[in-house]
Amino acid sequence: MTYLYRILCLLGGYICGLLETGVLYGKMKGVDIRKSGSGNTGTTNALRVLGPKAGLIVFLGDFLKSFIPCLVVRFIFKSDYPDSFLLYVLYTGFGAVLGHVFPFYLKFKGGKGVATIAGTIVGLLIPKMILILLVLFVIVVALTKYVSLGSILLMVEFLTLYIIFAFQGWLCFDPDVNSSYKAMIESIVIAALFALLSIARHKTNIRRLLNHEENKLHFKHSEEAKS
């Protein structure tokens, strides 16, 4: 039955992830964001093409479509699976990221999933981890003006912290209980898949960073984008 729960969480997350905020908001403004800027449907391209208001709205939409399902799954599973419920939360978040990155109705061409991954991380409700990751992300972007670099490092840091927190016993898992220990290891695998998927989606950014060709953070007002 627990394997069925995994599938349901993954599928439910995928369905929630199909809400492409950038595409919908762009259409409201008469702009096809997939044909503007980098062509990405996520926050950074919305910020550059449509301005800061659009960037904020797109970020919140993409963030909430994983954050809310993760909270719901946490509420459902925490009482029955107190020593493994975070595994189901991660499956839900990973499904949401897959829906965002690979939406079937957009020919599987979506965003890079940074905001949706952020929604999942916050949905884990691990305050220390959230604070550390937020501070590190802000510092990297503020110093370099490279959102892509901040996003890539964020995933490496998330995986590293998650592993440390898990083996330190700071998460819900109980390493002394075999079933809970196995769930913990499985959750680390899912966390690693988050990181690998995000880094893979940033492969062109990595290439540009290495060649010193990556665009630094800047944006245009929506009026400029239409002209």
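## Basis of the description

Helices are DSSP runs of H or I with at least four residues, numbered from the N terminus.

The model is predicted, so local features need pLDDT of at least 70 and side-chain atom pairs count only at pLDDT 80 or more, whereas totals for chains, interfaces and linings use all residues. Residues are numbered from 1 along each chain as its sequence is written, and side-chain values use heavy atoms, without hydrogens and water.

## Helix α2

Buried residues (under 20% relative accessible area, against over 50% for exposed and in between for partly exposed; 1.4 Å probe, protein chains only) of helix α2 (residues 21-28) are Thr21, Gly22, Val23, Tyr25 and Gly26.

## Salt bridges

Four salt bridges are present, each defined as a side-chain nitrogen of Lys or Arg within 4 Å of a carboxyl oxygen of Asp or Glu. One of them joins glutamate 186 to arginine 6, with the closest N and O atoms 2.8 Å apart. Since glutamate 186 belongs to helix α9 (residues 178-201) and arginine 6 to helix α1 (residues 2-17), this pair ties together parts 180 residues apart in sequence. Arginine 6 is buried, at a relative accessible area of 11%.

Within helix α4, lysine 65 and aspartate 62 are three residues apart, about one turn of the helix. Their salt bridge has its closest N and O atoms 3.4 Å apart, and both residues are buried.

Definitions and conventions: Helix = DSSP H or I, 4+ residues; strand = E, 2+ residues; numbered from the N terminus.
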